[in-house]
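Thanks for passing this one along. Here are a few points to go through with the model open beside you.

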Amino acid sequence: MADTTKVRFESRMLIDGKLVDGEAGTFTNINPATEEVLGEVADASKADMHRAIDAARRAFDETDWSTSPGFRKACLEQFQEALEAEKEALREELILEVGCPRAITYGPQLDAPLADALRYPIKLIDEYPWETDLGDALVAVTGQMTTRKVWREPVGVVGAITPWNFPFEVTIHKLAQALATGNTVVLKPAPDTPFNATRLGRLIAESTDIPAGVVNVVTASDHLVGEELTLSPKVDLISFTGSTVVGQRIMEKGAATMKRLFLELGGKSATIVLEDADFAMACAIGIAPCMHAGQGCANPTRLLLPRSRYDEGVANLKAMYENVSPGDPQDPGTLCGPVISDKQRKRVLGYIQKGIDEGATCLVGGTEPPAGFDKGFWVQPTLFVDVDNKMTIAQEEIFGPVLSVIPFDDEEDAIRIANDSMYGLAGNVMSGSVEHSLAVARRIRAGFIGAQGAAPYGADTPFGGYKYSGIGRQNGVAGFDQYTEIKSVGYPAG
């Protein structure tokens with residue numbers, strides 16, 4: 001296990017440019033792999049949250065942050081430099097508080113977002129069409145030749161609520177796009193993983209010229225403290241990543257103040273493996289739910305195999321799952337670490353038991369704790385076969401290392417099964433050719449599709465889902481757009 005003395009945890013919040021304690025005292029941050037206490041972090045009250053909201057409102061209304069793109073660009077470049085300087089400390093911190101395997105920090109947990117999450121919006125500050133000229137026209141309602149423009153302006157105060165599974169990745173993308181577009185932010189991280197967020201707050205305070213109040217980081221053990229963002233009329237937009245149930249609550253509570261919303265929610269993504277696919281390569285995607293103990297909203301947790309080759313595919317998957325064991329997140333060879341908490345472990349085990357009770361075959365894994373782990377929140381990688389798509393384990397998001405393998409009759413049946421879900425976040429198609437996979441991908445009702453083992457990930461790529469998987473997109477120009485308002489302007493031509 002890592003030496004925690006090498007990581008400087010930040011216990012304080014950032015409110016109105018100052019690093020402060022919480023009115024409600026502190027709460028404890030736990031290492032999910034060992035159940036050891038990592039440290040204490042500021043526990044905010046509702047009053048603390050309202051101080052942060054007021055600070056963000058003042059910073060938007062009374063400073064030139066929203067109208068100074070060059071200044072924003074310089075500040076975000078400072079932020080990038082500060083993050084790079086603490087990159088390795090942040091890596092260790094994520095392993096300790098998230099329980100994510102070290103190997104994944106070299107990809108989506110840290111290195112991938114650090115490479116472009118800030119740099120891409122910084123680039124867009126110069127390239128984005130802040131003003132569009134619609135040309136001159138005779139406007140019928142006035143009878144006047146009019147020059148018409150469309151301006152893009154920041155929304156205002158953004159409440160950013162982030163999850164515990166990929167906390168830095170989600171947080172830095174939200175901050176980058178919201179700030180680059182000229183908004184101010186109140187960040188509420190998940191209480192399970194607060195230290196990466198408080199680190200960002202400290203770096204902003206100590207290493208950038210970002211004005212006081214432009215970014216506020218509020219940590220709280222009480223989820224209702226975060227709900228103050230949704231309820232406050234001073235907050236213009238909620239940017240939330242998390243469960244569909246919470247997203248629905250945000251929509252309901254935010255209706256009274258006409259909140260703008262970006263909601264990146266749950267998923268139950270399907271991988272379709274067609275009959276002409278290379279089965280050895282195609283079935284390898286089936287191991288993806290073991291990565292980071294299955295704690296990923298876009299995880300392909302349903303694997304659809306043709307009946308004609310079902311036994312072959314199941315044999316491949318069984319061999320793979322029997323060779324994946326939970327392991328110490330510090331070990332570079334570990335794929336499957338712990339789940340985040342005892343609450344989450346019980347939730348996942350409840351779904352595994354329900355799968356057994358509803359008649360699916362639990363081929364590998366199950367509800368027994370993995371051998372050799374007396375402490376920590378561990379679940380065995382679990383493979384279910386002979387799953388009917390109507391079963392609970394095929395319909396509900398488990399957020400654990402559990403794969404459901406479902407047979408299909410033909411291509412039409414596979415597409416029907418893939419789309420037979422309340423969710424529409426992601427998916428994969430494997431076939432004998434790229435062209436065939438892309439043709440099927442067009443028919444899947446989901447927002448993020450990989451073909452032939454590729455994935456369209458990057459700061460320039462919109463990420464989000466159809467149906468109950470959310471509203472809006474993170475990243476890309478589409479993500480940048482959602483942090484802006486549209487203003488149409490006309491004035492006499494000539």
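1. Is A293 buried or exposed? Please keep in mind that this is a predicted model. A293 counts as buried, because its relative accessibility is 1% and the cut-off for that label is under 20%. You will find A293 in the loop that runs between α11 (279–284) and β13 (302–306). Do have a look at its backbone as well: phi of A293 is positive, at about 55°, although the residue is not a glycine.

2. N475 deserves a visit too. N475 is another residue other than glycine with a positive phi, here near 80°. Its place is the loop between β21 (470–471) and α17 (476–482). With a relative accessibility of 4%, N475 also counts as buried.

3. Two cavities of 30 Å³ or more are present in the structure. The largest cavity holds about 80 Å³ of space. Its lining is made up of 16 residues, and R302, A418, Y423, A426 and A446 are the closest to its centre.

4. Which elements each supply at least two residues of that lining? They are α15 (411–419), β17 (423–424) and β18 (426–430). By residue class, the lining of the largest cavity has seven nonpolar, five polar and four charged members.

5. The second largest cavity has a volume of about 50 Å³. Its lining includes G267, K268, G294 and G296, along with C297, N299 and T301. E397, I398 and F399 line the second largest cavity as well. In this lining, three residues are nonpolar, five are polar and two are charged.

6. Finally, a word on helix α16, which spans residues 434–441. Which of its residues are buried? S437, V440 and A441 are. These residues lie on the same side of α16, because the arc they cover around the axis is only 105°. What covers them includes two strands, β12 (270–273) and β19 (448–451). Also part of that cover are α15 and β18, and these two elements each supply at least two residues to the lining of the largest cavity.

Note on methods:
Residues numbered from 1 in each chain as written. Predicted model: local features only at pLDDT ≥ 70, side-chain atom pairs only at ≥ 80, totals over all residues. Heavy atoms only, no water. 1 Å grid on protein atoms, 1.4 Å probe; cavity = no way out; pocket = protein on both sides within 12 Å on 5 of 7 lines; lining within 4 Å. Points joined across faces, edges and corners; volume = space filled by probe spheres on them. Helix = DSSP H or I, 4+ residues; strand = E, 2+ residues; numbered from the N terminus. Nonpolar A, V, L, I, M, F, W, Y, C, P; charged D, E, K, R; others polar. Buried < 20%, exposed > 50% of the residue type's maximum accessible area, 1.4 Å probe, protein only. Arc of directions from axis to C-beta. Contact = heavy atoms within 4.5 Å.
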